[in-house]
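Hello,

Here is the structure I promised to pass on to you. Have a look at it first, and then read on for what I found in it.

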Amino acid sequence: MSKQNEFHVVTPLLESTGMSKRIGTTVYLKMESSQPTGSFKIRGIGYMCQNVANSNKSKGVICSSGGNAGMATAYAARKLNLPATIVLPSSTPQLVAQKLKDQGATVKVVGKVWDDANAEALRLAESEGLTVIHPFNHPLVWKGHSSIVHELKASLPSKPGAIVVSVGGGGLFCGIIEGLDEVGWGDAPVLCMETVGADCLNVAWKARDLVTLPDITSEATCLGAKTACQQAFEYSKRPNVISEVVTDLQALEAVELFLDEERVLVELACGASLAAVYSGVIQRLQEEGRLPKPLDSLVMIVCGGGSVNLAQLQHLQAVIRK
């Protein structure tokens with residue numbers, strides 16, 4: 001995976017005094033917000049784009065993404081001199097579309113939610129001979145994301161007591177599980193966090209079957225897949241995996257607290273995992289006996305987000321607190 005480093009950086013692993021104080025154990029922040037495109041997505045998508053470029057068989061890449069996956073695709077494609085088309089749902093902020101154009105990508109807006117944009121991307125791929133870069137459902141994407149765990153293994157003194165991760169379609173979660181298996185940490189508890197209204201994995205986890213949500217009603221549009229990927233659902237059956245949801249308000253409050261305490265602005269999707277500490281989810285799971293007390297250490301995957309700025313934060317505050 002050496003060539004992949006052309007795109008992603010080894011991100012800082014920081015100790016959070018504020019979070020550590022809250023839960024009474026050392027909390028580490030894996031700062032994926034420091035990636036060149038603002039989120040972890042560049043790991044898996046950069047890795048997949050590199051594979052496409054190496055095959056020399058493609059007329060270009062196409063990705064359906066409400067944000068970070070599209071950004072990673074456009075960035076990697078520009079570095080590899082591959083033409084990139086990004087299909088966005090209408091729920092995507094204008095800021096994102098402009099950033100994609102700035103990376104040299106062709107942008108098309110189709111449908112209301114990600115699933116609509118994805119259907120159009122598949123159609124265009126077929127008609128124009130493009131390679132589909134799926135935002136989360138591909139083994140190469142998971143392989144790229146697994147590099148996060150290899151970095152944790154190199155930095156941490158011992159196996160973490162638990163890892164917290166936000167789940168949209170499940171690509172990051174799959175990469176984390178595969179990475180944990182690769183470094184011999186396969187039994188470490190993994191807490192999957194989603195928001196109500198974008199909780200496709202939690203609904204499937206409870207039903208013990210893949211479920212398609214009727215609509216995405218959360219403001220955390222970057223978690224907005226109606227159905228989790230099959231592999232994420234399979235991994236969620238492991239006894240060390242826990243699935244929890246928080247409200248948009250709890251995720252927003254987590255974003256605000258994180259900005260105050262750690263001086264970093266992340267998007268609402270990332271706020272879902274931060275809320276595991278800030279809204280007391282970890283503490284409740286410990287009281288219920290579902291997580292050990294005390295925990296050895298807690299690793300928060302700060303997945304970041306390239307589509308958040310002050311105006312977007314103010315918009316979320318207005319909409320969620322109305």
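A residue counts as buried when its relative accessible area is under 20%. Ala269 has a relative accessible area of 6%, so by that cut-off Ala269 is buried. Please bear in mind that this is a predicted model. The average pLDDT of the chain is 92, and 98% of the residues score at least 70. Residues 1-5 have a pLDDT below 50, and this stretch has eleven contacts in the model beyond near neighbours in sequence.

Back to Ala269, which sits in helix 12. Leaving out residues up to four places away in sequence, Ala269 touches Ser166, Ala220, Cys222 and Leu223. Val167 is 102 residues from Ala269 along the chain, and the C-alpha atoms of the two are separated by 8.2 Å.

Cys303 lies in the loop between strand 10 (298-302) and helix 14. With a relative accessible area of 7%, Cys303 is buried too, because the cut-off is 20%. What does Cys303 touch, apart from its neighbours within four places in sequence? The contacts are Glu32, Ser33, Gly38, Ser39, Phe40, Ser166, Leu172 and Cys270. Glu32 is 271 residues away from Cys303 in sequence, yet their C-alpha atoms are 5.0 Å apart.

Now to the cores. The largest nonpolar core has 76 residues, and the members that touch the most others are Phe173, Leu274, Ile282, Leu298 and Met300. Helix 12 (residues 268-278) contributes the most to this core, with nine residues. In soluble globular proteins, nonpolar side chains tend to be buried together. Ile282 has contacts with Ile23, Val164, Leu191, Ala276, Val277, Leu291, Leu295 and Leu298, again without residues up to four places away in sequence.

Helix 9 (residues 200-207) is worth a look as well. Cys200, Leu201, Asn202 and Ala204 are buried in this helix. Which elements do the buried residues of helix 9 pack against? They pack against helix 8 (171-183), strand 8 (190-195), helix 10 (230-236) and strand 9 (241-246).

Next, a helix pair. Helix 11 (residues 248-262) packs with helix 14 (residues 310-320) at an angle of about 145°, and their axes are 10 Å apart. The crossing of helix 11 and helix 14 is left-handed. Helix 11 brings Asp248, Leu249, Leu252, Val255, Glu256 and Leu259 to the contact, while helix 14 brings Leu313, Leu316, Gln317 and Ile320. Sorted by class, this contact of helix 11 with helix 14 holds seven nonpolar, one polar and two charged residues.

Finally, some backbone details. Lys293 and Pro294 are joined by a cis peptide bond, with omega about 0°, and Pro294 is in the loop between helix 13 (281-287) and strand 10. Asn81, which is not a glycine, has a positive phi near 60°. Asn81 is in the loop between helix 3 (68-80) and strand 4 (84-88), and counts as exposed at 70% relative accessibility. Arg208 lies in the loop between helix 9 and helix 10 and, at 73% relative accessibility, counts as exposed.

Best wishes

Note on methods
Residues numbered from 1 in each chain as written. Predicted model: local features only at pLDDT ≥ 70, side-chain atom pairs only at ≥ 80, totals over all residues. Heavy atoms only, no water. pLDDT = per-residue confidence, 0-100. Contact = heavy atoms within 4.5 Å. Core = buried A, V, L, I, M, F, W, Y, C linked by side-chain atoms within 4.5 Å. Buried < 20%, exposed > 50% of the residue type's maximum accessible area, 1.4 Å probe, protein only. Helix = DSSP H or I, 4+ residues; strand = E, 2+ residues; numbered from the N terminus. Axes fitted to C-alpha atoms, helices over the stretch in contact; angles between N-to-C directions. Left-handed = near helix turned anticlockwise from the far one by under 90°. Nonpolar A, V, L, I, M, F, W, Y, C, P; charged D, E, K, R; others polar.
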